[in-house]
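This report describes a helix, a nonpolar core, a ligand shell and a loop residue. The sequence and structure come first.

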Amino acid sequence: AQDTESDSLYQRLGGLVPISVVVSDFVDLLVSNPQINRNPAVAAARERAPAPYLKFQVTAQVCEVTGGPCKYTGRNMKESHAQLNITEAEWQRMIALLKQVLGKHRVPARESGEILEIINSTKADIVTRP
Ligand code: HEM
């Protein structure tokens with residue numbers, strides 16, 4: 001059936017299968033990005049939080065906040081990123097990688113815009129250095 005204006009973002013994205021694929025590609029790009037890995041706190045956190053774990057938690061979180069049936073049980077964004085010293089430049093790099101993945105998977109403009117808005121709403125909790 002066609003999407004309607006009132007469908008949740010979760011429904012318009014196509015549910016957990018496409019969401020998990022996009023998150024997986026995004027996390028793969030993020031954890032292998034040389035600029036972001038130059039941050040020693042981020043690089044060190046890979047042992048505590050390996051890519052498969054991040055994929056699980058981010059998928060559950062995106063599913064929940066877009067109106068899907070999941071329940072995110074991880075830590076909040078402020079606590080989980082507080083020790084990582086994430087800079088504005090690292091944030092901008094992450095946004096560029098996210099846009100790249102949304103484009104690769106042909107996520108439409110409306111849905112991409114809503115995802116970017118959700119991600120931007122977490123920026124103040126995640127970026128702790130200029
Ligand atoms: C430059 C941007 C970002 C970097 C470098 C980054 C890096 C990390 C790292 C290294 C961890 C593991 C922390 C630890 O366990 O000590 C983590 C956890 C996590 N991040 Fe990010 N992150 C970024 C942005 C985001 C954004 C925008 C979101 C989604 C809104 C997000 C969602 C999560 C989630 C759900 C966890 C798991 C929390 C938990 O373990 O309970 N991250 N991130």
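Helices (H or I, at least four residues) and strands (E, at least two) are DSSP runs, numbered from the N terminus. The model is predicted: local features need pLDDT of at least 70, side-chain atom pairs count only at pLDDT 80 or more, and totals for chains, interfaces and linings use all residues. Residue numbers start from 1 along each chain as its sequence is written.

The buried residues of α5 are Leu54, Val58, Thr59, Ala60, Gln61, Val62 and Cys63. A residue is buried if 20 or more other C-beta atoms lie within 10 Å of its own, exposed if 12 or fewer, and partly exposed in between, with C-beta atoms placed from the backbone. The cover over the buried residues of α5 includes α1 (9-13) and α2. After α5 comes Gly67, whose phi is positive, near 100°.

The largest nonpolar core has 20 residues, and Ile19, Val22, Val23, Phe26, Val27 and Leu30 have the most contacts inside it. Such a core is a set of buried Ala, Val, Leu, Ile, Met, Phe, Trp, Tyr and Cys residues joined through C-beta atoms within 7 Å. At least two residues of this core come from each of α2 (16-31), α5 and α7, and α2 gives the most, with 6 residues.

| Residue | Residues touched |
|---|---|
| Val23 | Lys55, Val58, Thr59, Val62 |
| Gly15 | Tyr10, Gly68 |

Gly15 is found in the loop between α1 and α2. Gly15 is partly exposed because 15 other C-beta atoms lie within 10 Å. The C-alpha atoms of Gly15 and Thr128 are separated by 32 Å, and these residues are 113 apart along the chain.

Around the ligand are 22 residues, of which Ala45, Ala49, Gly74, Arg75 and Met94 come nearest; a residue is near a molecule if its C-beta atom, placed from the backbone, lies within 6 Å of it. Two or more residues of the shell come from each of α4 (40-48), α5 (51-65), α6 (77-81) and α7 (88-104). With 4 residues, α5 gives the most to this shell.

Methods:
Two residues are in contact if their C-beta atoms, placed from the backbone, lie within 7 Å. Lists of a residue's contacts leave out its neighbours within four places in sequence.
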